[in-house]
Amino acid sequence: MKLARPEVFHPRIVLAGCPALPDGDGDDAGLIAALRTRGLHARWLSWDDPATLDADVVILRATWDYTERLAEFLTWTRRVPMLLNGPDVVAWSADKRYLADLAAAGVATVPTAFFAPGEQVTIPPGEVVVKPSVGAGSVGAMRFRDGDAALGHAAALHADGRTVMVQPYDARVVDGETAMVFLRGEPSHAFTKGPMLPAPGRGPVLDPSGTYAEESLQSADPVGELWDVGHAALAAAAEHLGIGVTDLLYARVDVLGGADAPALLELELVEPSLGWRQLDESTRKQQQRRFAVAVESALDERGLGPFAKGPFAQRRP
């Protein structure tokens, strides 16, 4: 790559995918161009490519096989020179037991019980959702009306060494989830996700890569009460982790319900899809520019911006 200004330090940026999606799923297709407008040069690599260790910064975008390779993945997050979001954030957010931390901090969450392997699983009356606490794209998640069938699925997850989470099925999910995207703690945009789980007893339909459930998405303009849940979740997460909200380059907050009683379903801080394709072209370019500015700011704060001073600035690509 020929650089327009070779005398300027150009941090080596990697957008991390996975072996099945080394260039992402297409949703982030505009990010490299958006970063280039800020003088930042990036390329895609699968997270397990050894070349990621030579990057100055790695941004997680489509590392959707990490749930099957968790120990290896978490070790890798601490080997790369700089990771966004950071490795402590990733380790905490990779296991949905973080919902208990957020609930304890007063964030309105969907009621969830967790059962580690060897613990007796309790299934409440009514329809429930049973899934592993470490999982992405609804893989391993199933709905049940039959308690014995739910226990059977939980036993299978336990046999695979997974912690089980049990939630009452919230009928509001038929209206979809509202996914709100934050960049460095500030609202960016939102979209809705249609229900992904099929009828009770059946698993979700996965995309051809087998890494996530197929979704029905469309843009959204959430009411303030939903954004309030998002802000509360980010603030509680940052306090729990001992960081500032602005240390989170990106976050996606998935909420059920409307203004009367919204409830947090997930706080995605590892590698969430950010729903760029649900925005019209003008808005998408504007918000991806904001993403690029957020990356630039994060690099500048760490002495890795294009005009950084100090030891990093002495090295040339």
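This is a predicted model: local features need pLDDT of at least 70, side-chain atom pairs count only at pLDDT 80 or more; totals for chains, interfaces and linings use all residues.

Reader: What is the order of the strands in the open sheet?

Author: The open sheet has 5 strands and antiparallel pairing. Its edge strands, each pairing on one side only, are β11 (217-220) and β13, and neighbouring strands are turned against each other by 30 degrees on average, direction ignored. Read across the sheet, the order is β11-β10-β9-β12-β13.

Reader: Which residue in the hairpin of β9 and β10 takes a positive phi?

Author: Strand β9 (residues 177-183) pairs with strand β10 (residues 186-193) in the antiparallel sense over 7 bridges, and among the bridge partners are M180 with A190 and L183 with E186. The hairpin has 2 residues between the strands, and the one with a positive phi, near 50 degrees, is R184.

Reader: Which helix packs on the sheet by touching β9 and β10, with a direction about 130 degrees from that of β10?

Author: Helix α6 (residues 224-241) packs on the sheet and touches β9, β10, β12 (250-256) and β13, but its direction makes about 55 degrees with that of β9. The helix that touches β9 and β10 and makes about 130 degrees with the direction of β10 is α7 (residues 281-301).

Reader: Why is β10 described as largely enclosed by the rest of the structure?

Author: A residue is called buried here when its relative accessible area is under 20%. Strand β10 is largely enclosed because, of its 8 residues, the number that are buried is 6.

Reader: Which strand gives the most to the lining of the largest cavity?

Author: A search of the whole structure finds 2 cavities of 30 Å³ or more, and the largest has a volume of about 40 Å³. Its lining divides into 4 nonpolar, 2 polar and 3 charged residues, including E266, L267 and E268. The strand that gives the most, with 3 residues, is β13 (residues 263-268).

Reader: How many charged residues are in the lining of the second largest cavity?

Author: The second largest cavity has a volume of about 30 Å³, and among the residues that line it are D25, W44, R61 and S273. By class the lining has 3 nonpolar and 2 polar residues, and the number of charged ones is 4.

Definitions and conventions: Residues are numbered from 1 along each chain as its sequence is written. Side-chain values use heavy atoms; hydrogens and water are left out. On a 1 Å grid over the protein atoms alone, a cavity is a set of points where a 1.4 Å probe fits but cannot get out, and a pocket is an open set with protein on both sides within 12 Å along at least five of seven lines; lining residues have an atom within 4 Å of a point. Grid points are joined across faces, edges and corners, and a volume is the space filled by probe spheres set on the points. Helices (H or I, at least four residues) and strands (E, at least two) are DSSP runs, numbered from the N terminus. Ala, Val, Leu, Ile, Met, Phe, Trp, Tyr, Cys and Pro count as nonpolar, Asp, Glu, Lys and Arg as charged, and the others, Gly among them, as polar. Two strands pair if DSSP finds at least two bridges between them. Axes are lines fitted to C-alpha atoms, for helices over the stretch in contact, and angles run from 0 to 180 degrees between N-to-C directions. Contact means heavy atoms within 4.5 Å. Buried means under 20% relative accessible area, exposed over 50%, partly exposed in between (1.4 Å probe, protein chains only).
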